[in-house]
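Hi,

Here is the structure I promised to pass on.

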Amino acid sequence: MSTLQDFWCTDELALHTFASLPAPDLRKCAEVSRSFNRIAVQSVLDQRKIWNVQRSAALNLADNPNDLDGLSALLLSVHVESLANVKFDLERLTSVQSALKTFQKMQRLVDRMASLHTVCVNWPSYAYKNQPISDKMLATACKCVEVFLDTIIAKGCATLQFNGFDAFASKYKLKKNPAITAAETPRVPTAERLSIWDGAWGYLPSLHTRATSDALSPLSEEGNYSRIPSRFSISTPWISLTPSPKLSQVTKLTAFFADSTGVFRPPFSQWTFALLKASPVTSITLSLQDIPNDGVESKVILDRLAEAIPDVTTIRLYSARSGVMKEVVAWLGHFQQLQFLHIEPECFSEGNNIDDLDLQALARLPHIGQLGSSSYFICAYLASCRSIQVDGEHLPRTLEVIMRHIWTSSTESAVSAFIKDFERLHNAVMETPFQCLYHAIDLSFDCFPDRAKALGRIWNRLDSSILGPASDAKKVSLEAPPCFRPTESGSWISLSLRITATEDEIQRGVVDEEVIAFCRMFPTLDEIRLLPDGPSLGPRLPLRQERVDKFKSVCPELQHASLFMNV
């Protein structure tokens, strides 16, 4: 027994004692011995709900360098040697200077790790987006971030997620290069043309830009950007992250997430595209909500992506700005190896009308085996596939269809509309040239408990009308039970619910009634999956048999029931 256990008897008592100590005392305790170090570090992590740091650690970083946050605690640890899943959240940082100091601390931590698997960096830099930044500060920031990113790649990072990274994008602009704009921009009428000086200024070559040919490769188009000069300067030096020449030798990256297109614009773009080109990336998840409104620049970004990752097999899009999806759907047609395509319903908000999309190129992709999106988009895609078959093209393959739906209301009219949407999709699937063996519904919620209880009340009223006297039945407004019964069998029907309950709550049956309320809509259900609301899923865990038996009471054909928790 260790000295620590001799004195406190249990780790729980030691953790409780250490948790009451101020930060300076905890730092000193961490230096006493290995046992004290383990307890002191874990007491800090416990306060931040990080129970198993080597499995998953969400580090909310403090703006005050004197605060003992999760990152500072890990820097004190002599036990943690690898991180399977780590998130660095810089949201609280309010200045560039504090962000750079934090990146240096992050660099020290990852440099000590033997290996990293999944790394997420959340850098929402809007807090200092409009702050004046000198050339020296920008160069220091780029170098600091570059060293950190090079290190996590060298440590074997397989999944990399960027959130934010748009602090300096406003400092750069795409030049008016004839090689880009000639084919994209219509000729301006004479009366609307710029002055001679304005027109010449747009085409002046930068002193810091390498010579380029008329036909530029998308990966070489860093030279088409220039830094916006300050008010009193004539020219500005080019400053950006520079990719390491060893990237192709060390990278093991297979999955890339970006919730902002800031990483595809200077000063980050040269490093990002070099990494993607050098890595065996098979999966990419994107948000295009902030892709530039300039049609030329948005096309440059999409073209560079298509050239950097031509062999990607999985693409997920979870948001898009108004008016861009027509261009994005055409861009998706470049990926000949694409197998899994997921487009969230949010991508088809106002300004992204599905009826305006040309899906012919997408429908001709030979390897798409799984398509997840709104019922309207999937139906439009299947219609394009049918038209191709009519024209004589053969598309012999199976297709898994996943209907993504955001459940925001459990009124009777909303439930009936959802069932009709699913019936329309099911009928479209039955008419396709594919063999659809898997038909899934993936539901996410604005508030799962409230929506489930409201849906449960509908079922209770329906049940009472069936079991109660005939006079009570007249009070029920539902014309028919809100459920789906297929006219044809053959496809596997799966229901996924994205809920906020913990693994323990699910296994103990805390959310059984809420889950059953949704299962009752699909009496012929084959599979139920309970998922966290997010893109990162951990391993599949089977539900306890008593849970399965309870769900089978409303879905007798149920064969599989499982849950997935966050990594």
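R424 is partly exposed, at 36% relative accessible area (between the cut-offs for buried, under 20%, and exposed, over 50%, with a 1.4 Å probe and protein chains only). Its salt-bridge partner is D421, at 2.4 Å from N to O (the rule: a side-chain nitrogen of Lys or Arg within 4 Å of a carboxyl oxygen of Asp or Glu). D421 is buried, at 14%. Helices here are DSSP runs of H or I, at least four residues, and strands are runs of E, at least two, numbered from the N terminus.

A word on the source: this is a predicted model, where local features need pLDDT of at least 70 and side-chain atom pairs pLDDT 80 or more, while totals for chains, interfaces and linings use all residues. Residues are numbered from 1 along each chain as its sequence is written, and side-chain values use heavy atoms, without hydrogens and water.

Another salt bridge joins D442 and R498 at 3.0 Å, N to O. D442 is in strand β13 (residues 435-445) and R498 in strand β14 (residues 492-498), so this pair ties together parts 56 residues apart in sequence. D442 is buried at 7%, and R498 is buried too, at 13%.

Lastly, I528 is in contact (heavy atoms within 4.5 Å) with residues including L495, F551 and H560, leaving aside neighbours within four places in sequence.

Cheers
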